[in-house]
Amino acid sequence: MTQQIKDQMQHGLLRRIGDWLPVIVIALLSTIVMSGYWTGNSGEVIHPAHGGVPLKLSSDPAITRSLNNLLQVASKNGSARIIVGLRTSFEPEGKLTENGVALQRKNIAEIQLLVLNKISSSKQSLATTKLFSLIPFMALEVTPSELKGLINLTEVTSIEEDRVAKASDAQSVAVTGASAAWNLGYSGGGSGTGQTIAILDSGVDSNHPFLTGKVIAEACYSTNNVNDGATSVCPGGATHSTAVGSAMPYAGNCSPGSCDHGTVVAGIAAGTNATFSGIAKDATLIAIQVFSRFDSVSNCGSTTPCALTYTSDQILGLQQVYALSSTFHIAAVNMSLGAGQFFNQSTCDASNASIKAIIDTLRSVNIPTITASGNDGYTSSMAAPACLSSAISVGATFDLASYNNNCAGNNLGISNVDAILCESDSAAFLNLLAPGAEITSSIPGGAYQAWYGTSMAAPQVAGAWAIMKQKNTNLTIVAGLNALTSTGVPITDPRNNITKPRIQIDAALTAFQ
């Protein structure tokens, strides 16, 4: 670690990297006179965790295999991007008292400093280090020797790849019952009035007529990384911004067409015009750009450049959602993106502990994270973050008949309404289904286009959540999911014979007070 970082951290003068370091500094200053113990909501005394064994001594073959893979990457490229879990007591902040929140943030900052001090190297610079203030994790770019050092530290509980994810790529409001929900008698007519949906994606064109006046807050978290061929798409090449316009899809150097996705997703969730609308047509939006531009064949495949997103930038985006939760009535977060393949939730949770921790933190303040199941045609597995036990996963169905439904190795013939989309990932632990095939929505520049994929299904559920939260602002995540599950239309996937509910919003509104 450079002396610059050491000096700045030790004197509390770290400048902003994203919007998370000021929170660390505030926590340190506000708790300087507090003791090393605090009391949680249940009254128990909680203190920083001690003990533990280094990852090097783990007997778990999955951990050993993952670490060996990371060491190979670091040796081949000279460095590897990782997210490090740190050994300190942790509870999602919604479960803590005000003092507990302040001390937990202080403890997280201190363990981050301790571990950074133990892996001294010039590689740890301000440009590559991301310290998360709400969860005991940090993202680093490490050399092989630094990685070996981390593996030997008792303060380190997990090391995962800072994975790169992709977007999970005629209106469906009639099929889902959204238009019927708009006409219900309670205040606002069931259209999402007073509720906000956070869209973590490739940016949102707030100037689009479909989204006029919708975007009430913006942010951008994007990465520069030479080894991956990644460059930031934030305005001016910055790696973080919360300025007005920071989430515009082409305010930075995103290549033409690569950052259309987020505007499509936003329109499905909450767009509206005189002709047609998204699901929660009167809801507002928080637009958070979390993608980066990639110019490497190894990451993009044959089509370069492309837009992909690091897990670490997604975490920063989710932290920003949490920071805004005291200002706006945030009904849900939408993440129509994913990476990897996971056959069960326990493996998924363990392999993606960092983003699960921040999703849990949002869940603790009653904000669900709605995720696209993935578009690889899997029939017994899903991508992350959809596979996480605390996320809400959504697969895709058709809302139109007579379309080709053969793809991803799944030959399902010609579509009918409510047919499973051939590329939609499915597993026993999938939560919901929603229309995701041939959904017309906004694209940057003022035009409209029909898209398909689980990316289009997830914002239907996010919009549904805004409508449900309008009816009952105190609706819990469990109650909301139960309402959508119990009243949904059962659809059996012919690929695996698994039956899941396709959301029926007007019916769901009758399942709770």
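Colleague: Which residue with a positive phi follows helix 12?
Modeller: This is a predicted model, where local features need pLDDT of at least 70, side-chain atom pairs count only at pLDDT 80 or more, and totals for chains, interfaces and linings use all residues. Numbering runs from 1 along each chain as its sequence is written, and side-chain values use heavy atoms, leaving out hydrogens and water. Helices here are DSSP runs of H or I, at least four residues, numbered from the N terminus. With phi near 70°, the residue after helix 12 is asparagine 366.

Colleague: How many residues of helix 12 are buried?
Modeller: Buried means under 20% relative accessible area with a 1.4 Å probe, protein chains only. Among those that qualify are Ile355, Lys356 and Asp360. Helix 12 is largely enclosed by the rest of the structure, because of its 12 residues the buried ones number 10.

Colleague: How do helix 10 and helix 12 run, parallel or antiparallel?
Modeller: The axes, lines fitted to C-alpha atoms over the stretch in contact, come within 10 Å and cross at roughly 15°. Contacts (heavy atoms within 4.5 Å) bring residues including Ile315 and Leu318 of helix 10 together with residues including Ile358 and Leu362 of helix 12. Angles under 35 degrees count as roughly parallel. Helix 10 and helix 12 are therefore roughly parallel.

Note on methods
Buried < 20%, exposed > 50% of the residue type's maximum accessible area, 1.4 Å probe, protein only. Helix = DSSP H or I, 4+ residues; strand = E, 2+ residues; numbered from the N terminus. Axes fitted to C-alpha atoms, helices over the stretch in contact; angles between N-to-C directions. Parallel < 35°, antiparallel > 145°, perpendicular 65-115°, else oblique.
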